[in-house]
Amino acid sequence: MRPFETAFVFTSGALIYWALELLWRGDTHWTMPLAGGFCLVLMYLIANFMPQPLWQKWIMSAACTTTVEFTLGTVVNLRLGWHVWDYSTLAMNFMGQICPRFCLYWLLLAIPAVFFCNILRYYVFIPLYRRGQHSA
């Protein structure tokens, strides 16, 4: 993955997740677009560079998103006390940072995200590289 490609995917993930947060909750925190960007880069790598069947890519992408959510939540919510989210009232939550309900949401979002990542790679970046416009 080239630097321009990484930056584009990260920015796309940040903007898409920022918009989803605003639609879903009506609010967001500055750390959420960063998490969204990082998650989409991970999904992009899974979608385009791993040989697993599609359904496994969806599960791996959801697992990565859940891992990012837990890691970020441990820092911003538990360590820094910013209270960006709290799942402690939801069933089977772990430390109030992750829970099965949101793991399912991440899986449902991973399905279109993996397709989006494939479209970006095969219809935008590969043709762009073939034309030699972004070799960096």
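**Helix packing, cores and polar pairs in the predicted model**

Thr11 is partly exposed, at 41% relative accessibility. The structure is a predicted model, in which local features need pLDDT of at least 70 and side-chain atom pairs count only at pLDDT 80 or more, while totals for chains, interfaces and linings use all residues. Residues are numbered from 1 along each chain as its sequence is written, and side-chain values use heavy atoms, with hydrogens and water left out.

Thr11 lies in helix H1. Helices (H or I, at least four residues) and strands (E, at least two) are DSSP runs, numbered from the N terminus. The side chain of Thr11 reaches back to the backbone oxygen of Ala7, at 2.8 Å. Thr11 and Leu40 are 29 residues apart in sequence, and their C-alpha atoms are 9.0 Å apart in space.

H1 has 23 residues. From its first C-alpha to its last it reaches 32 Å, close to the expected 33 Å. That expected span is 1.5 Å times one less than the number of residues in the helix. The buried residues of H1 are Glu5, Val9, Ser12, Gly13, Ala14, Tyr17 and Glu21. Their cover includes H2 and H4. After H1 comes Gly26, with a positive phi near 80°.

Two nonpolar cores are described next. A nonpolar core is a set of buried Ala, Val, Leu, Ile, Met, Phe, Trp, Tyr and Cys residues joined through side-chain atoms within 4.5 Å. The largest has 17 residues. Those with the most contacts inside it are Val9, Leu40, Met43, Tyr44, Cys117, Leu120 and Phe125. Helix H2 (31-49), H3 and H4 each give two or more residues to this core. Contact means heavy atoms within 4.5 Å. Leaving aside neighbours within four places in sequence, Leu120 is in contact with Phe8, Val9, Tyr44 and Phe125.

Charged pairs were searched for across the whole structure, which gave 2 salt bridges. A salt bridge is a side-chain nitrogen of Lys or Arg within 4 Å of a carboxyl oxygen of Asp or Glu. One joins the side chains of Arg121 and Glu5 at 2.8 Å, N to O. Arg121 lies in helix H4 and Glu5 in helix H1 (residues 3-25), so this pair ties together parts 116 residues apart in sequence. Both Arg121 and Glu5 are buried. Glu21 and Arg25 also meet through their side chains in a salt bridge, at 3.4 Å, N to O. Both of these residues lie in helix H1, 4 residues apart, about one turn of the helix. An α-helix has 3.6 residues a turn, so residues three or four places apart point the same way. Glu21 is buried at 7% relative accessibility, whereas Arg25 is partly exposed at 38%.

The loop between helix H3 (54-79) and helix H4 (100-130) holds Gln97. Gln97 is buried, with a relative accessible area of 2%. Its side chain makes a polar contact with the side chain of Asn77 at 2.7 Å. A polar contact is a pair of N or O atoms within 3.5 Å; within protein, one must be able to donate a hydrogen and the other to accept it, and residues adjacent in sequence count only if both atoms are side-chain atoms. Beyond neighbours within four places in sequence, Gln97 is in contact with Glu69, Phe70, Gly73, Thr74, Asn77, Leu78, Trp85 and Tyr87.

Asp86 also lies in the loop between H3 and H4. Asp86 is exposed, at 52% relative accessibility. The side chain of Asp86 makes a polar contact with that of Ser88 at 2.7 Å. Asp86 and Val75 are 11 residues apart in sequence and 13 Å apart in space, C-alpha to C-alpha.

The cysteines were examined for disulfides, each a pair of cysteine sulfur atoms within 2.5 Å. The count is 0 disulfides. For Cys64, the closest cysteine sulfur is in Cys39, 7.8 Å away, too far for a bond. For Cys103, the closest cysteine sulfur is in Cys99, at 6.6 Å, also too far for a bond. Cys64 is partly exposed at 24% relative accessibility. Cys103 is partly exposed too, at 27%.

Definitions and conventions: Buried means under 20% relative accessible area, exposed over 50%, partly exposed in between (1.4 Å probe, protein chains only).
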